[in-house]
Amino acid sequence: MTAVYKHRLFWPIVSLLTLIAINAIARPQFITITMRDGELYGALITILRDSAPLMLVALGMTIVIATRGIDLSVGAIMAVSGAVALTIIDGSGDPDALATVLIAVLVAVLVALILGMWNGFLVTVLGIQPIVATLVLMLAGRGAALLITGGKITTVNSAPFKWMSSGYMVALPVAFFIAVAAIIVIGVIERRTALGVLTEAVGINPEASRLAGVRSRGIIWGAYMVSGALAGVAGLIYASRTSAADANNAGVFIELYAILAVVLGGTSLNGGKFSIAGTVVGVFIIQTLDSTVLFLGIPSAQSPVFFGFVVAVVVVLQSPRMRSGLANLSGRLRPRGAGVQDREKAEVA
Amino acid sequence: MNADTEVPPIVEMRGITIRFPGVLALDDVDFTLRPGEVHSLMGENGAGKSTLIKALTGVYGIDSGSISIAGERQTFSTASDAQDAGISTVYQEVNLCTNLTVGENIMLGHEPRRGTGIDWRATHAEAARHLASLGLELDTRSMLAHHSIAIQQLVAISRAMVLDAKVLILDEPTSSLDRGEVEQLFGIMRDLRDKGVAILFVSHFLDQVYEISDRITVLRNGALVGEYPVAELPRDALVTKMIGRELADLAAIASSSHRDIDRSGTPVVKATGLGRRGVLEPADLEVYEGEVVGIAGLLGSGRTELVRLLYGADRADEGTVEVHGEHVRLHQPRHAIDHRISLSSENRREEGVVADLTVAENIVLGMQARQGWLRKIPKKDQDAVVQEYIDALGVRPANPHALVGNLSGGNQQKVLLARWLATAPELLVLDEPTRGIDVGAKADIQRKVAELSAQGLAVIFISSELEEVLRMAQRVVVLRDRKKIGELEASTTDLDGLIDYIANAGEGSAA
Amino acid sequence: MAAMTTTTARAGGRADRASSRVQTFLSRHGGMMPTFAAALILVLLFIGAEAFLRGDFIKPLTISNLLINNAYLLVLAVGMTFVILTGGIDLSVGSVMAFTGMLGAKLLADGLPVAIAIPAMLLGGAAIGLFIGILVQYFGVQPFIASLAGLFLGRGLAFIVSLNSIKVEDPAVLWLQSTRWKLGDWVVTPTGIIALATVAIAAFVLHLTRFGRTIYAIGGSEQSARLMGLKVGRAKVGAYVISGTCAGLAGLLLTAYANSSYPRNGIGTELDAIAAVVIGGTLLTGGRGYVLGSMIGVFVYGTIKTIINFMGAEQAWMQIIVGALLLLFIVVQRAIVARAEGRR
């Protein structure tokens with residue numbers, strides 16, 4: 001019993017189920033799924049489909065955060081990737097040709113990968129704080145995307161490209177399959193190889209890991225590249241959904257939602273132990289919350305207030321003060337800034 | 001001068017108990033400090049000295065017991081509460097802000113004001129006055145970061161004096177000071193004592209303790225052993241009380257390590273002219289199979305720097321390294337590991353263990369890093385290795401899934417030793433492997449190292465405890481002031497000889 | 001006495017120190033170098049613009065406009081400087097500015113007097129700052145995340161006040177921007193004066209009060225500051241409250257500047273403010289920097305914007321150039337820090 005209670009996915013999953021339950025009670029159609037022309041429809045399916053870009057970005061963010069970093073540039077990378085792909089498709093003679101779309105997709109993801117590599121370079125080689133290093137691209141990236149599209153919103157009509165966001169396979173949205181593929185690939189690479197535990201070691205104690213012979217630089221660099229590439233794919237899905245490369249609006253705030261998803265999933269922003277499954281749950285919580293807000297008839301512009309409160313409540317519940325307060329209501333005076341000092345205490349032992 | 005027992009105590013701690021997760025850090029400890037005395041707090045690392053001090057200064061809360069200052073019962077919840085009660089502390093690691101000026105560090109929070117703002121001219125003048133009373137002349141407007149640790153330590157003491165404290169706590173203030181600076185500090189301490197300040201002094205140097213103290217309180221394993229006037233406690237009695245058991249097992253290690261080493265063949269590792277500008281002057285070092293080479297020298301003598309350069313933890317800008325007679329380039333620790341060289345850092349917490357990983361994950365980390373991330377070591381093999389080393393080294397708790405951060409220092413050190421032994425090294429470099437751990441773990445680790453070297457492992461052993469170096473090593477390399485000054489055969493010297501060599505050998509330089 | 005092999009000692013005669021005056025200067029003012037660098041860049045920008053663009057760039061009006069057009073950003077950067085000096089960051093300022101702008105405009109539109117609307121704006125900003133500060137200080141939440149909650153909160157509240165822009169017709173608020181005080185060719189508006197006064201007050205607080213020095217001490221080493229008995233908790237929360245209040249004030253200035261308030265105002269402005277602070281020489285790790293540097297940073301930012309307008313180039317270049325400058329300064333700072341560490 002306590003094992004279940006203490007599992008770190010316990011609270012995220014409980015939150016998600018509670019949200020779904022509330023929705024289901026308030027509007028039964030929320031959980032109804034209908035089949036039309038061999039394709040499934042319904043609010044839950046929409047959540048699965050629409051969560052794909054956030055899922056991809058959040059997966060990359062999880063790995064970066066595990067290395068004790070953060071990637072603020074994902075939104076900007078989405079914008080660049082969308083701009084690159086649509087500019088290539090737009091410039092080609094035949095937007096509906098599969099080859100054109102494939103080339104566009106590959107080039108866009110490659111560009112995103114290179115941008116991730118750039119972030120990794122700043123962090124690992126120049127030793128710049130991750131927040132700052134990725135802030136550079138966060139600022140400059142959208143500018144670059146605007147330059148690629150020539151300052152306008154490029155729109156295209158390309159069936160194969162559109163298929164990425166609105167197509168169906170085996171009764172489910174293609175975007176969902178892309179997200180699932182990413183989850184599986186990341187999960188297998190991290191957990192079936194030693195990469196996961198080495199990443200955690202680097203995130204918890206970079207110097208000790210380096211002295212233990214871990215290729216810290218390569219692991220951290222790789223994390224930013226993965227994050228960049230996944231953001232690139234997310235940018236393609238976003239661009240595909242709108243059929244447009246909108247450098248100013250693609251992926252705005254997505255870095256914040258992705259970080260929130262990671263934190264909701266139980267991964268600490270201090271790096272180290274991470275949970276892919278937790279992030280997946282976190283993304284669904286956010287997407288469901290978004291859907292709930294929409295259902296309540298609240299203008300989506302106002303939904304940030306809810307997210308603000310959710311962030312506050314979650315971080316307060318996760319805080320050491322709250323935990324020790326709950327665990328130890330006897331009210332013993334604790335030193336402030338318990339995080340640092342807890343480590344000292346362990347040392348005294 | 002000699003504290004009169006009739007003087008009412010300024011600090012009275014009764015029945016202090018502090019519990020940390022899984023550990024009883026202090027168990028029903030009493031401590032009394034009287035005005036006008038220098039009172040030394042003695043004990044091995046981990047005995048509870050720092051915890052007691054932190055309880056007195058409000059950094060830690062106490063689980064039970066009482067603290068009275070000048071007869072008044074107090075509950076401190078922050079450091080500033082304790083300061084308000086007249087208790088001022090200088091910690092071992094300098095707790096100042098290096099981004100601020102010297103003068104500001106001394107006066108911070110007590111700056112003279114003019115109108116609504118701080119009067120900087122008066123602030124710096126007053127800071128200079130406090131420094132002058134310590135016999136120091138510094139530019140108070142210079143940044144603290146520009147000064148050496150020793151100077152920073154003296155600045156910290158100046159700060160403590162600004163507070164006009166009734167109780168001054170000096171936690172290992174002398175570890176980075178040279179002889180002259182220590183004398184200066186002792187002069188100041190005597191002055192303050194004569195003015196009625198109660199001084200709590202912690203030092204590892206027995207000479208200093210006997211030179212300055214009036215009274216000694218001994219702690220062991222979180223419990224009080226007793227309080228003694230210094231005249232009634234001879235040194236050997238003090239050491240016995242601190243350690244609490246005979247040194248028989250350690251002596252046995254010594255006898256086993258004093259054997260002859262065959263140095264006719266090729267050394268396992270040979271470094272020639274290894275150096276880095278501003279860090280270490282070029283030095284030579286050779287280690288043969290089955291040999292334990294001790295490195296002796298004071299803190300900051302370059303002993304850690306030498307092995308870090310050898311290991312590739314820092315990049316050497318000159319010199320060559322040969323492994324079994326072949327030139328190798330070691331630019332990164334993993335290059336060294338590939339050549340079967342392992343280094344256990346002196347800084348266990350920051351450069352050793354990965355606190356939030358388990359014992360098993362920490363032990364396997366070195367092997368796994370060597371294999372690369374793609375080839376994960378199968379679970380079964382991992383479990384076997386982990387169990388083998390937990391048993392061999394006596395890691396407690398013997399639970400592979402415990403988080404290393406929750407283990408005691410000695411057990412963390414054993415986990416680190418296990419990590420390195422699991423990579424099957426041919427040269428094992430141990431930098432201060434026994435610092436801050438209890439005697440039992442110390443003996444376990446020394447025994448294991450002696451055993452492995454007898455089986456042919458080459459070892460470099462660094463320790464501040466010279467007895468330990470002499471006990472473990474066949475040959476001792478001596479460094480001073482970031483320079484190697486020579487080598488000694490352990491069998492031909494004793495502790496006094498080694499101390500004399502460290503202090504005086506080579507051309508005279510007044511360190 | 002003992003068998004020994006003495007290694008050859010190298011002649012250790014160190015080169016004499018460089019002239020002591022330079023040494024003293026560096027030991028005292030080394031931390032100002034990035035700010036000097038920012039000032040130099042500002043001068044170079046002006047000279048470059050003068051030389052390569054129309055020859056009439058350097059004139060009182062251009063410089064006056066620099067202040068008038070960026071008054072709100074200057075106020076934001078001042079607040080941000082406090083937070084960054086403690087080693088924190090405040091991502092909420094852009095949306096808090098939007099919220100307080102909307103709040104004030106709404107109160108005025110509902111017929112409330114300025115004497116209520118303006119204090120309400122400042123208090124609104126301070127309240128969100130307090131919220132962030134408490135999360136950071138008492139719940140150990142990372143500043144990044146805590147201020148992220150503030151960002152969401154502010155943006156949502158702005159839209160809750162109204163989904164559409166609100167026009168402001170209150171004469172007192174309009175007066176702030178429309179009044180032009182002239183001194184020769186130099187022009188200044190009340191908004192500009194308010195921004196400059198904010199800088200002056202902040203400089204006073206940071207350099208001449210114990211609260212200000214505590215902010216620096218926290219940035220240097222929070223643990224040391226606490227062990228020194230400084231009131232760390234109060235100062236840290238105070239920094240966020242100041243940043244929030246500044247965002248509230250910036251909301252007023254922006255509303256006056258635009259004659260209206262729009263809930264989408266200031267998206268991404270927190271990044272501009274952070275960039276200006278960093279360009280002005282404040283270290284993101286905390287403990288080093290000057291509010292005057294942040295002012296220079298804002299002027300560098302404003303000048304680049306002006307030049308781009310002069311050239312008629314794409315606004316996209318603005319983001320790229322600011323990003324590149326930010327990178328340049330971060331690398332320079334990194335080198336300075338690395339040197340300082342190397343010395344130890």
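## A chat about the predicted three-chain model

Me: Starting with a detail in chain B, which residue is the bridge partner of B:Asp431 in β20(B)?
Reply: In β20(B), B:Asp431 has B:Ile462 as its bridge partner, and please keep in mind throughout that this is a predicted model.

Me: How many bridges join β19(B) to β20(B), and do they run parallel or antiparallel?
Reply: The two strands, β19(B) and β20(B), run parallel and are joined by 5 bridges.

Me: And what about β18(B) and β19(B)?
Reply: That pair runs parallel as well, with 4 bridges joining β18(B) to β19(B), and within it B:Ser344 has B:Leu430 in β19(B) as its bridge partner.

Me: What is the order of the strands in the sheet?
Reply: The sheet is an open one of 6 strands in chain B, ordered β18-β19-β20-β15-β21-β22, and its pairing is mixed. At the edges are β18 (341-344) and β22 (483-489) of chain B, each of which pairs on one side only. On average, neighbouring strands of this sheet are turned by 20 degrees against each other, with direction ignored.

Me: Where does β15 of chain B pair with β20, and in which sense?
Reply: Strand β15, residues 292-296 of chain B, pairs with strand β20, residues 458-462 of chain B, in the parallel sense over 4 bridges. As one example, B:Gly294 has B:Phe461 of β20(B) as its bridge partner.

Me: Back to β19(B) for a second, how many of its residues are buried?
Reply: Strand β19, residues 427-431 of chain B, is mostly covered, with 5 of its 5 residues buried.

Me: Zooming out, what domains is chain B divided into?
Reply: Chain B is divided into domain 1 (11-243), domain 2 (245-340 + 426-511) and domain 3 (348-424). Taken over C-alpha atoms, the centres of domain 1 of chain B and domain 3 of chain B are separated by 37 Å.

Me: New topic: where is B:His130 found?
Reply: B:His130 is found in helix α4 of chain B, which spans residues 120-133.

Me: Why does B:His130 count as buried?
Reply: B:His130 counts as buried because it has 20 C-beta neighbours inside 10 Å, and a residue is called buried when 20 or more other C-beta atoms lie within 10 Å of its own.

Me: Which residues does B:His130 touch?
Reply: Leaving out residues up to four places away in sequence, B:His130 touches B:Ile106, B:Ser158, B:Met161 and B:Val162. As for B:Val7, which is 123 residues apart from B:His130 along the chain, the C-alpha atoms of the two are separated by 29 Å.

Me: Okay, on to the chains together, how many residues of chain A are in contact with chain C?
Reply: On the chain A side there are 41 residues, in contact with 40 residues of chain C. Helices α7 (130-148), α13 (254-264), α15 (304-318), α16 (320-327) and α17 (338-348) of chain A each supply at least two residues of the side that touches chain C, and α7(A) gives the most, with 13 residues.

Me: What classes of residue make up that side of chain A?
Reply: The side of chain A that touches chain C has 29 nonpolar, 9 polar and 3 charged residues.

Me: And how many residues does the contact between chain C and chain B take?
Reply: That contact takes 36 residues from chain C and 38 residues from chain B. On the chain C side, α1, α9 (190-208), α10 (210-220) and α11 (222-227) each supply at least two residues, and α10(C) gives the most, with 6 residues. The residues of the side of chain C that touches chain B divide into 14 nonpolar, 15 polar and 7 charged.

Me: What scores does the predictor give the complex?
Reply: The predictor gives the complex an ipTM of 0.82 and a pTM of 0.80.

Me: Which elements of chain A have the lowest and the highest mean pLDDT?
Reply: Among the elements of chain A, the lowest mean pLDDT, 35, belongs to α17(A), and the highest, 96, to helix α4 (residues 52-66) of chain A. Over residues 329-349 of chain A the pLDDT is below 50, and this stretch has 35 contacts in the model beyond near neighbours in sequence. For chain A the mean pLDDT is 85, and 90% of its residues reach 70 or more.

Conventions:
Residues are numbered from 1 along each chain as its sequence is written. Chains are lettered from A and ligands numbered from 1 in the order in which they are written. This is a predicted model: local features need pLDDT of at least 70, side-chain atom pairs count only at pLDDT 80 or more; totals for chains, interfaces and linings use all residues. Two residues are in contact if their C-beta atoms, placed from the backbone, lie within 7 Å. Ala, Val, Leu, Ile, Met, Phe, Trp, Tyr, Cys and Pro count as nonpolar, Asp, Glu, Lys and Arg as charged, and the others, Gly among them, as polar. Domain bounds come from an automatic or database domain assignment. Two strands pair if DSSP finds at least two bridges between them. Axes are lines fitted to C-alpha atoms, for helices over the stretch in contact, and angles run from 0 to 180 degrees between N-to-C directions. pLDDT is the predictor's confidence in each residue, from 0 to 100. A residue is buried if 20 or more other C-beta atoms lie within 10 Å of its own, exposed if 12 or fewer, and partly exposed in between; C-beta atoms are placed from the backbone.
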